[in-house]
Number of protein chains: 2
Amino acid sequence: MAIVTADLMVSLDGFMAGTDVSVSKPGGEGADALHEWIASLASWRERQGLSGGSRDRDSEVIGDWFDATGAVVMGRMMYDTGEAHWGEDPPFRTPVFVLTHRPRPTLVKQGGTSFTFVTEDIRDAVERARAVAGDGNVDIAGGADTVQQALRAGVVDQLRLHVLPVLIGAGLRLFDNLGADRPRLEQVGVAEGAGAAHLTYRVVRP
Amino acid sequence: MAIVTADLMVSLDGFMAGTDVSVSKPGGEGADALHEWIASLASWRERQGLSGGSRDRDSEVIGDWFDATGAVVMGRMMYDTGEAHWGEDPPFRTPVFVLTHRPRPTLVKQGGTSFTFVTEDIRDAVERARAVAGDGNVDIAGGADTVQQALRAGVVDQLRLHVLPVLIGAGLRLFDNLGADRPRLEQVGVAEGAGAAHLTYRVVRP
């Protein structure tokens with residue numbers, strides 16, 4: 001049975017994006033290190049239609065994440081800032097469900113990616129993703145606000161943090177805005193990559 | 001050659017203590033999970049003169065930290081809130097240098113622990129500790145404010161975080177108050193314990 005996972009790059013001080021996230025800087029200011037790392041991995045580059053990159057434990061972990069994903073859920077901000085960069089052949093290669101307040105017809109792109117716009121809440125988006133994910137996982141891709149919504153709603157089964165050895169100091173923190181709805185976690189795996197620590201947690205259901 | 005290390009228990013959301021640190025609650029409110037974990041380890045219990053506890057990878061990592069330590073530096077808040085709990089046979093078993101504004105005579109305790117009060121800055125405290133540490137490391141024990149002073153002053157060679165699978169939500173963050181003096185880090189080791197992820201970083205000198 002597929003699970004709902006959130007696989008996220010974070011700095012050692014807990015940020016998943018820098019400040020001033022925008023179309024020209026989707027990862028925010030000051031957070032280049034998070035995105036430069038993944039762009040150096042062979043598995044990521046293949047997904048983007050690029051050659052080269054390192055074939056190491058980090059690349060393997062990221063490749064496994066892509067391979068296990070059957071559908072993606074993301075927030076409107078991530079979609080809006082990513083759209084122009086992804087172009088006609090986006091790197092998801094699965095159905096993507098975008099949480100938004102504005103209804104829009106589904107966009108079918110090349111390579112297996114489609115964008116369906118969901119105007120209900122995160123639970124509905126996850127259910128719609130699950131319905132088409134087959135044996136694959138539903139991946140909560142971001143941004144921070146959407147991951148936090150999913151954690152507060154209790155729909156996440158697994159959190160996997162790819163922790164980069166960098167201190168960013170400011171930006172969007174993964175674990176902000178959870179209030180009393182902070183999930184209880186169980187550590188299920190720790191892996192050492194060349195450039196990151198990969199920490200996997202199961203979210204314990206109450 | 002011995003190094004200056006800071007070996008710290010942190011929650012997955014980056015806190016090294018909870019809120020309202022006090023003599024009756026040195027670890028702060030809401031942060032019990034950090035301290036319960038270490039109290040369950042055989043190596044920690046031995047240091048406290050207690051029997052029992054788990055003999056696993058976590059216990060080994062913490063035991064190695066104790067064994068490698070030749071002298072300790074701590075802040076006055078950590079000393080003041082810990083003093084009564086440590087009693088006449090404190091668990092350090094090395095010279096301890098306490099940063100304070102108020103001069104006080106050195107206290108010699110049982111079991112190899114002494115407390116020397118240093119009214120100069122963190123650099124002086126580290127140099128005095130280094131002078132008596134022999135082949136052992138100088139360990140910056142805490143609290144958060146003292147670790148941050150040491151990071152800003154550039155005197156830390158190694159950071160080792162024992163990351164507990166718990167979200168605390170509020171308290172004292174390890175990486176706050178660094179401003180533009182955030183150190184550049186290099187990941188040198190990642191180890192999986194039964195109850196924690198042990199992440200080791202070298203602080204890169206500019």
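**Chain fold and two-fold contact in a predicted dimer model**

Of the 206 residues in chain A, 46% are buried (20 or more other C-beta atoms within 10 Å of the residue's own; exposed means 12 or fewer and partly exposed lies in between, with C-beta atoms placed from the backbone). The model is predicted: local features require pLDDT of at least 70 and side-chain atom pairs count only at pLDDT 80 or more, whereas totals for chains, interfaces and linings use all residues. Residues are numbered from 1 along each chain as its sequence is written, and chains are lettered from A and ligands numbered from 1 in the order in which they are written.

The secondary structure of chain A consists of six helices and eleven strands (DSSP runs numbered from the N terminus, H or I of at least four residues for helices and E of at least two for strands). The C-alpha trace spans about 45 × 40 × 35 Å along the principal axes of chain A. Among contacts in chain A with a separation of 6 or more, 64% join residues 24 or more positions apart; a contact requires C-beta atoms, placed from the backbone, to lie within 7 Å.

Val163(A) lies in strand S8 (residues 158-164) of chain A. This residue counts as buried because it has 24 C-beta neighbours inside 10 Å. When residues up to four places away in sequence are not counted, Val163(A) touches Val10(A), Leu12(A), Ala196(A), Ala197(A) and Leu199(A). Gly142(A) is 21 residues from Val163(A) along the chain, and their C-alpha atoms are separated by 16 Å.

The same surface serves both copies, as 100% of the contact residues of chain A recur in chain B.

The contact involves 19 residues from chain A and 20 residues from chain B. On the side of chain A that touches chain B, the elements giving two or more residues are strand S10 (184-192) and strand S11 (197-204). S10(A) supplies the largest share, five residues. By class, this side of chain A has twelve nonpolar, three polar and four charged residues; Ala, Val, Leu, Ile, Met, Phe, Trp, Tyr, Cys and Pro count as nonpolar, Asp, Glu, Lys and Arg as charged, and the others, Gly among them, as polar.

How values were computed: Contact = placed C-beta atoms within 7 Å.
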